[in-house]
Amino acid sequence: MVPSTRDALNSRSDYGAVLISGASFAGLATAYGLRRLGYRVTIIEAAPGLRRGGTPVDIEGETIDILKRMGLIDRVRAKALPSRRFAFKNADDSTLGSMGVGGDQASEVRYEIHRDDLLDILFDAVADDVELLFGRSITGLVERADGVAVALDNGEQRDVAVVVGCDGNRSNTRRLVFGGGDQFTHFMGGYFFLKVVAETGLLPADTTEVFRTPGRMAMLNGYDDRTDIGFGFRTESEIAYDYRDRAQQRRLIKDRFGDLGWKVPAMLAAVAGDDDFYFDRINQIRMPCWSRGRVVLVGDAGYCVSPLAGLGGSMAIIGAGRLAAALERYPYDHASAFYHYEDGLRPFVEQIQERAANDGMSTMCPADEDELAERNREIAAGDMGW
Ligand SMILES: Cc1cc2nc3c(=O)[nH]c(=O)nc-3n(C[C@H](O)[C@H](O)[C@H](O)COP(=O)(O)OP(=O)(O)OC[C@H]3O[C@@H](n4cnc5c(N)ncnc54)[C@H](O)[C@@H]3O)c2cc1C
């Protein structure tokens, strides 16, 4: 029988305090694992609440095993999305090629679940057992022999045994401990926008449609009650914009896609005037080492594989599961645990990053007419490559 969350949480001794920066997949799953080991866990999240939105998350392989061990797989299964029809479209909405994709509720092999549903499931699993501070950020970290002194942006100071940076692609923890700038960021030559809206009627339920022109891609995911509206585009180099200025980012998408046909005018209308969306450069994070002293990184903060890999959520949960397993194997020895965590996971991360770097961009946004024609020929021949 799977023990209840609370039984599992109460079954271990107290190892000390741990502070996690970021309350998304990496942060919440890490919190669960470390709480189960007996750590007193505080999560600090910069946003005023959980950050919602985004495309569905794939749950497969080791992620399923970890969610089973967490006792959460039944809740995931209950929210699994039905499999979808995936179609590449021409400007006149005729279909270039199509295939079935997505989760398969009938099998144990792969599930797809709304990003928000998975966040809620992970949040519910830890909310009563960890301290959660929203609207907070770390401003300074000083390592001592027996712990880390952490300064928060409200002036408070916390002394903890270990700090786990789960604060995503633009990780604050990484910046504070390993240095700022973009020294670990590998820009992959494009940007991705995603907004989840109420059902638009732009496409049938349980369908994904993709329309590509050289350097640009417009995507719709249709579900029962929601539509994901996605735009991807290529750039030679990074574009200058203020990542806090949402109106500027909306204008940027409108300017880049305003001249396209297909369903794009209706898609732009559906995302107008609302600042709650995901927009970021497409990049990977590649670091020579994921920990320093008593600070360790999990998920996008340490090894973002990029939206092109389609595995960011899973990778964060796998990272959290591996870190907890390493700390269980080496209790009171964070150095050995961090080494074991990275040594075991790095080959898998590098394999996924390599694959996304080789094929991802040309699949999402073929660079020019020739590459697009080549991709379209492959699609017509039944090789979707997505
Ligand atoms: C709103 C949102 C939508 C997304 N949509 C997509 C998508 O459509 N497609 C895709 O491929 N990927 C998307 N992603 C990225 C995807 O969620 C990650 O690749 C994956 O989940 C890895 O999880 P993570 O926990 O490592 O990082 P993230 O999910 O990025 O979470 C990082 C968390 O850290 C928090 N944080 C940031 N800075 C600080 C700070 N200074 N202090 C404390 N907390 C901080 C963030 O608010 C966030 O909650 C999205 C991410 C977010 C936040």
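Two strands are taken to pair if DSSP finds at least two bridges between them, and helices (H or I, at least four residues) and strands (E, at least two) are DSSP runs numbered from the N terminus. The model shown is predicted, so that local features need pLDDT of at least 70 and side-chain atom pairs count only at pLDDT 80 or more, while totals for chains, interfaces and linings use all residues. Residues are numbered from 1 along each chain as its sequence is written, and side-chain values use heavy atoms, with hydrogens and water left out.

**View 1. An open sheet of six strands with mixed pairing.** The strands follow the order β7-β2-β1-β11-β18-β17. At its edges are β7 (131-134) and β17 (291-292), each of which pairs on one side only. Strands of a sheet pair through backbone hydrogen bonds, either parallel or antiparallel.

**View 2. The pairing of β17 with β18.** Strand β18 (residues 295-297) and β17 are joined in the antiparallel sense over two bridges. S291 has V296 of β18 as its bridge partner.

**View 3. D206, a residue with a positive phi.** The phi of D206 is about 55 degrees, although D206 is not a glycine. Most residues other than glycine have a negative phi. D206 lies in the loop that runs between β12 (185-198) and β13 (207-213), and with a relative accessible area of 27% it is partly exposed (buried means under 20% relative accessible area, exposed over 50%, and partly exposed in between, with a 1.4 Å probe and protein chains only).

**View 4. S306, a buried residue in a loop.** S306 is found in the loop between α9 (300-303) and α10 (312-329), and its phi is positive, about 90 degrees, although S306 is not a glycine. At 5% relative accessibility, S306 counts as buried.

**View 5. The setting of these close-ups in the whole protein.** The protein has 12 helices and 18 strands. Its radius of gyration, taken over C-alpha atoms, is 21 Å, close to the 21 Å that the globule rule (2.2 Å times the number of residues to the power 0.38) gives for 386 residues, so the protein is as compact as a globular protein of that length. The C-alpha atoms fill a box of roughly 65 × 50 × 35 Å, taken along the principal axes, and buried residues make up 54% of the 386 residues. Of the contacts (heavy atoms within 4.5 Å) between residues at least 6 apart in sequence, 71% join residues at least 24 apart.
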